[in-house]
Amino acid sequence: MNNKFHTITTQFKKSLLTTLVISASSTAFANDAEQLGKEQLAKEKLTKEDIERIEVKGYAASVEKSLNMKRFANSVVDAVSAEDIGKFPDQTVADALQRIPGVQVEKDLGGESDRVSIRGTAPHLNITLLNGQSVASATASASITRPSRGFNYSLLPAELVDTLEVFKSAEADVDEGSIGGTVVVRTRKPLDSESNYAALSVKAFHFENADETKPYISGLYSWKNEAEDFGFNVGFVRKELATQRDSKEVRFGYRSTDANGDGNNEYYPGAVGYNRYASDSDLNTVTATLQYAPSANLDIVFNNLYSKSEHESYGTYSSGFILQNIGNIEQADIVDGTVVAGTLPAHNNLGYYGNAGYQGEFKTQAHDIKITYSKDNYTLTTQFGYSKAEGAVSDVYSEYYANTDASYSIENGMPEVVLSDSLTPADYRLDYNHKNDIANDSDEKYVQFDFEYQLDNDYFTAIKTGVKYREHSKAANLIKANYPKKGADGSTNNLGQFATTTVNDFMGGENAILWQFDNAAYSNWIASTEPSTAPYEHLDYTYDLQESITAGYVKALFSFSDFRGNLGVRAVKTNVDSQSMQYTGRSFDPQNIEEVDFSTSYNDFLPSLNIAYDYSDEIILRFAAAKVMSRPDYDFLSARKSGYCTEATGCKGNEGNPDLKPYRASQYDLSAEWYFNESSILSLAYFYKDIDSYITNSTVDKEWLWTDPDTGVEELRTFLITQPLNGLGGENSGFEVNYTQKLGYGFGIQTNYTYSDAELDQTAEQVAAGEEAVLPNNSEDTFNATVYYENMGFSARVSYTYRSEYFYTTYLGLNQYIDDFGQYDLNLSYNVTDNLNVVFQAINLTDEDQRSMSSNSTGMSDGNRPLAIHNYGRRFLLGAQYKF
């Protein structure tokens with residue numbers, strides 16, 4: 001680990017060269033910064049109420065407000081604030097979150113940041129709340145078949161956000177469900193804004209790889225009456241995307257064979273080839289908030305959100321199907337147990353071409369009413385709401401095979417393959433195809449009551465208590481149909497019917513085996529062709545999950561001497577009802593079908609403590625401790641079960657596990673923060689998480705009833721089942737360093753670094769095999785840096801984000817990793833007038849590739865076993881915002 005850390009640190013230092021040079025050039029302003037610090041000492045100490053009144057205009061002011069939100073919080077919190085109404089520092093909420101210490105993001109297939117990890121925990125182990133409440137989510141992509149608790153950040157445009165808060169320590173009155181952290185997204189309230197205010201933003205978004213420019217329009221209008229007791233605001237966003245990702249890939253994993261006849265098995269790639277993924281999508285989101293405060297004691301806020309996204313995409317993969325003829329490999333080049341290059345003689349299935357197309361949409365609505373009544377020394381709050389999401393997608397897929405020879409190489413982590421130069425699309429015969437119609441929906445209902453009573457004593461300032469009840473449902477189903485391989489005249493359908501020309505702009509040049517697929521022609525063929533199998537419900541993807549949660553809490557706020565904070569406890573009961581189908585046999589001819597309805601429940605008792613010690617006006621010391629939990633991902637909780645037997649592989653199957661218990665952990669935080677001027681901080685935070693149990697996919701033997709499809713004979717057989725189980729625990733500890741400073745003369749810098757060292761307990765099998773137990777989604781090193789300049793209406797920012805490699809899944813017994821990745825972004829803006837602002841942004845400025853790789857026998861990443869090199873290209877945005 002030390003050598004690895006040294007290598008990463010070396011790369012990390014090189015990547016920071018530009019940032020450090022700019023920072024060093026600013027040392028001339030040190031005296032100014034020192035003077036600012038002295039002036040700050042003379043200022044009256046800000047209160048929490050003062051923060052709400054800070055007028056945020058410009059990036060530096062946004063930084064100042066975010067720091068003050070952190071400074072006066074009683075718990076461990078980081079924040080990001082809007083620069084102005086309708087103007088957020090980044091284009092997506094996830095991109096803005098990654099500037100916060102300890103937060104990492106993952107990209108979707110199109111290259112947009114869409115999932116968030118906090119302090120080394122997987123996205124589904126963190127929760128995101130909109131104005132304090134969960135929002136139902138659905139999707140319209142291939143991931144629709146694997147439901148997740150991860151928040152769908154694509155439905156919430158950044159322009160409609162006022163602040164983002166990341167709670168890294170627990171509080172009793174904040175919803176449970178997170179081990180890493182809780183993200184709270186807050187939108188703007190009309191009575192807090194100017195009256196009769198409007199902002200309109202019109203931008204053009206250019207996607208370099210797709211060579212397309214799309215519109216990006218947003219607006220916000222806010223009004224309140226003269227009495228300032230009633231108001232409303234309406235916001236909207238219309239966003240279109242055209243993404244293209246080109247990749248060199250290894251698919252079907254790494255498998256083992258004795259490639260050189262020495263009696264030892266080596267690993268080889270299943271297929272080596274090239275992929276193009278392209279998508280067009282549009283997002284329309286509307287928000288509306290009404291606020292009524294008929295007296296100083298009563299406040300009623302009604303938040304509404306409606307979002308609709310339409311999505312169309314396709315992915316094409318052309319390769320040498322190495323596993324089809326690995327037994328005849330010639331000139332095998334073996335490096336550290338991996339066949340990194342070789343030549344294979346002609347085989348009927350060695351040329352492989354696959355194409356998938358997706359077309360669908362998802363809709364989301366959320367409605368929330370919050371009523372707050374305050375009088376004298378108490379506050380009573382009621383909040384209730386409803387959220388619903390629906391997603392549907394039509395998925396068409398076809399694959400083709402050709403007789404060809406092949407030579408491949410994965411040397412230096414670069415997948416390359418060469419097939420016969422005489423191949424044409426007509427040489428590829430249609431071997432398999434399907435059409436899937438997939439639907440999923442989700443809804444959430446909740447009601448909560450909170451009561452806070454102000455105390456008049458020297459230690460405790462208030463006591464707060466509350467109860468909450470919520471119901472959540474998640475359901476999906478898939479209807480499948482297969483289509484004939486041969487035409488009506490008996491001729492074999494082939495790729496030449498749908499593809500003719502090769503792609504001529506693949507990663508900088510022409511690709512001889514990647515043909516441009518005509519998705520419209522294929523869709524027309526599907527529509528005019530009778531399926532070879534009648535449409536049937538694929539029972540593996542049918543499920544209906546119901547979750548009801550009852551929670552109550554009590555929390556005390558204290559302040560004495562220079563100490564402040566809170567302590568409390570939250571008690572939670574979770575009921576789970578999982579309905580699904582179980583069967584054995586083929587999916588299109590299932591046998592031994594059984595409808596299953598499984599119910600279970602579990603209880604959690606979650607104490608929490610947060611202490612802040614104001615050592616001086618500038619220095620704050622913090623300590624926090626809590627027990628936390630995170631519920632199993634929805635995909636794990638499905639009661640589905642399926643299995644199949646063959647002579648070659650025996651009996652194998654998959655099964656969900658609705659009886660899973662949650663992830664549970666005890667966590668501790670210790671930090672020191674030095675606010676040496678109004679827009680500056682130097683802080684160091686240490687965190688430790690003791691994870692009781694981590695859910696992992698395991699293989700177990702089970703006795704299942706099997707009906708032989710040829711003879712009809714029923715008998716009990718032993719199946720090797722892959723199933724999620726509550727496994728062993730582990731530890732995750734690390735530290736965060738955060739340095740932000742307003743340097744003077746308009747310059748400023750923001751930097752943070754996070755180190756996260758996760759150690760899961762090893763199973764007996766892992767110990768025997770010498771394998772490491774690895775925590776999914778944990779990057780040991782994360783770094784962010786922004787250098788900004790803001791003066792006379794001009795603003796410029798250069799940002800760099802980096803995260804080291806992380807483990808994300810296991811396939812064929814080998815771990816798979818996303819390689820370390822760093823990216824530069826540029827943001828320029830200029831206030832032409834007080835009301836008109838123009839902006840230019842460049843995302844992924846240096847056009848970085850993202851890589852992934854498989855593991856070796858120890859479970860750690862192996863550079864000789866690449867999985868993919870993805871190129872997303874650069875994105876450029878040019879636009880203007882006008883305020884009325």
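Both C645 and C651 are buried, where buried denotes under 20% relative accessible area and exposed over 50%, with partly exposed in between (1.4 Å probe, protein chains only). A disulfide joins these two residues, C645 and C651, with an S to S distance of 2.0 Å; the criterion for a disulfide is a pair of cysteine sulfur atoms within 2.5 Å. The torsion about the S-S bond of C645 and C651 is about 110 degrees, so the disulfide is right-handed. One disulfide is found when the whole structure is searched.

The model is predicted: local features require pLDDT of at least 70 and side-chain atom pairs count only at pLDDT 80 or more, whereas totals for chains, interfaces and linings use all residues. Residues are numbered from 1 along each chain as its sequence is written, and side-chain values use heavy atoms, with hydrogens and water left out.

The protein contains nine helices and 41 strands, assigned as DSSP runs (helices H or I, at least four residues; strands E, at least two) and numbered from the N terminus. Of its 884 residues, 56% count as buried. A compact globule of 884 residues would have a radius of gyration near 29 Å, and the 29 Å of the protein agrees; the radius is taken over C-alpha atoms, and the globule rule is 2.2 Å times the number of residues to the power 0.38. Among contacts (heavy atoms within 4.5 Å) between residues at least 6 apart in sequence, 72% join residues at least 24 apart.

In helix 7, comprising residues 519-527, Y522, W525 and I526 are buried. These residues cover an arc of only 100 degrees around the axis, which puts them on the same side of helix 7; the arc is that of the directions from the helix axis to the C-beta atoms. N524 and A527, on the other side of helix 7, are exposed. The cover over the buried residues of helix 7 includes strand 14 (378-409), strand 16 (429-454) and strand 19 (515-517).

Strand 33 (residues 781-791) is mostly covered, with eight of its eleven residues buried. Pairing, which requires that DSSP find at least two bridges between two strands, links strand 33 to strand 32 (residues 747-760) in the antiparallel sense over nine bridges. Strand 33 also pairs with strand 34 (residues 794-803), in the antiparallel sense over ten bridges. N784 in strand 33 is the bridge partner of N752 and stands opposite T801 in strand 34. Strands 33 and 34 form a hairpin with two residues between them, and M792 in the turn has a positive phi of about 50 degrees.
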